[in-house]
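Subject: Structure handover and notes

Hello,

Here is the structure for your files, with my notes below it. Please read the notes alongside the coordinates.

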Amino acid sequence: MAKPVYVLNGPNLNMLGRREPAIYGRETLDDVRGRVQTHARSLGLEVEFRQSNHEGELVTWIQDAREAASAIVLNAGALTHTSIAILDALTAAELPVIEVHLSNIYKRESFRHHSYVSPAATGVICGLGPKGYLLALDALADILNQGTRATKRRTG
Ligand code: CA2
């Protein structure tokens with residue numbers, strides 16, 4: 001059985017669709033979860049979709065991912081700009097990681113321009129709203145498929 005892709009969401013993303021629609025749009029996190037699950041199914045991927053307002057809980061989930069997941073999609077919310085703990089956990093996980101942001105963080109305040117997640121990310125997607133999560137899954141489907149093909153070539 002293939003391991004799921006962990007799709008992890010950080011602080012305040014549970015507020016999606018309820019406040020600041022001009023920046024984050026009108027879809028709720030449950031709407032995004034639904035779109036992610038449907039798209040993952042079409043790609044033959046399993047997903048485990050979670051949100052937490054707590055840095056430590058996200059770190060624990062990233063630690064668990066090392067064994068339990070095939071890859072990580074991460075929107076760490078504001079922790080993107082502050083959390084060395086999340087960077088360390090991602091680095092230790094040694095998995096493909098796609099960093100996603102709904103908004104274009106480079107068009108916003110300068111404190112959002114730096115990401116502690118990016119050095120541990122395989123790729124970064126921002127500014128495309130919830131579609132960013134779907135594109136992250138597309139990228140991971142390719143990356144994981146390449147890995148599977150390489151393993152098959154080695155083992156026959
Ligand atoms: O654009 C993104 O996805 C962010 O990761 C969202 C974070 C922000 O701190 C990052 O700089 C960029 C904030 C998530 C809060 O989401 C809300 C949604 C609706 C209402 C209030 C907050």
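Glu20 sits in the loop between β1 and α1 (21-24); helices (H or I, at least four residues) and strands (E, at least two) are DSSP runs, numbered from the N terminus. Its phi is near 50 degrees, a positive value in a residue other than glycine. With a relative accessibility of 47%, Glu20 counts as partly exposed, where buried means under 20% relative accessible area, exposed over 50%, and partly exposed in between (1.4 Å probe, protein chains only).

Before the rest, the conventions. This is a predicted model, in which local features need pLDDT of at least 70 and side-chain atom pairs count only at pLDDT 80 or more, while totals for chains, interfaces and linings use all residues. Residues are numbered from 1 along each chain as its sequence is written, and side-chain values use heavy atoms, with hydrogens and water left out.

Glu94 also has a phi near 50 degrees, again a positive value in a residue other than glycine. Glu94 is in the loop between α4 and β4 and is exposed, at 62% relative accessible area.

Salt bridges

A salt bridge here is a side-chain nitrogen of Lys or Arg within 4 Å of a carboxyl oxygen of Asp or Glu. By this rule there are six salt bridges. As background, side chains of opposite charge can pair when their charged atoms come close.

Glu94 takes part in one of them, with the side chain of Arg66, at 2.9 Å from N to O. This pair links distant parts of the chain, since Arg66 is in helix α3 and Glu94 in the loop between α4 (84-93) and β4, 28 residues apart. Arg66 is partly exposed, with a relative accessible area of 39%.

Glu27 and Arg35 form another salt bridge through their side chains (2.7 Å, N to O). Both ends are partly exposed: Glu27 at 24% relative accessibility, and Arg35 with a relative accessible area of 34%.

A further salt bridge joins the side chains of Arg112 and Glu109, at 2.7 Å from N to O. Arg112 counts as buried at 16% relative accessibility, whereas Glu109 is partly exposed with a relative accessible area of 35%. Salt bridges that share partners join Arg108, Glu109 and Arg112 into one network.

Ligand

Arg112 also belongs to the ligand surroundings. The ligand has 17 residues around it, the closest being Asn75, His81, Leu102, Ser103 and Arg112; a residue counts as near if one of its heavy atoms lies within 4 Å of the ligand.

- Ser103: a polar side-chain atom is 2.5 Å from an oxygen atom of the ligand.
- Arg112: an N or O atom in the side chain is 2.9 Å from an oxygen atom of the ligand.
- Ala78: a backbone N or O atom is 3.3 Å from an oxygen atom of the ligand.

On its own the ligand has 500 Å² of accessible area, and the protein covers 94% of that. Accessible areas come from the Shrake-Rupley method with a 1.4 Å probe; for residues, only the protein chains shown count as cover.

Cores

In soluble globular proteins, nonpolar side chains tend to be buried together. A nonpolar core is defined as a set of buried Ala, Val, Leu, Ile, Met, Phe, Trp, Tyr and Cys residues joined through side-chain atoms within 4.5 Å. The largest has 23 residues, of which Val5, Val7, Val36, Val47, Val73, Tyr133 and Leu137 touch the most other members. The elements giving it two or more residues are β1 (5-9), α2 (29-43), β2, β3 (71-75), β4 (97-101) and α5 (131-155). The most comes from α5, with six residues. Apart from this core lies another, of 22 residues, including Leu8, Ile86, Leu90 and Ala120.

Ser52

Ser52 lies in the loop between β2 (47-51) and α3 (55-68) and is buried, with a relative accessible area of 2%. A polar atom of the Ser52 side chain is 2.9 Å from the backbone nitrogen of His54. Beyond its neighbours within four places in sequence, Ser52 is in contact (heavy atoms within 4.5 Å) with Asn9, Gly10, Pro11, Glu57, Leu58 and Trp61.

Regards

Technical notes:
A polar contact is a pair of N or O atoms within 3.5 Å; within protein, one must be able to donate a hydrogen and the other to accept it, and residues adjacent in sequence count only if both atoms are side-chain atoms.
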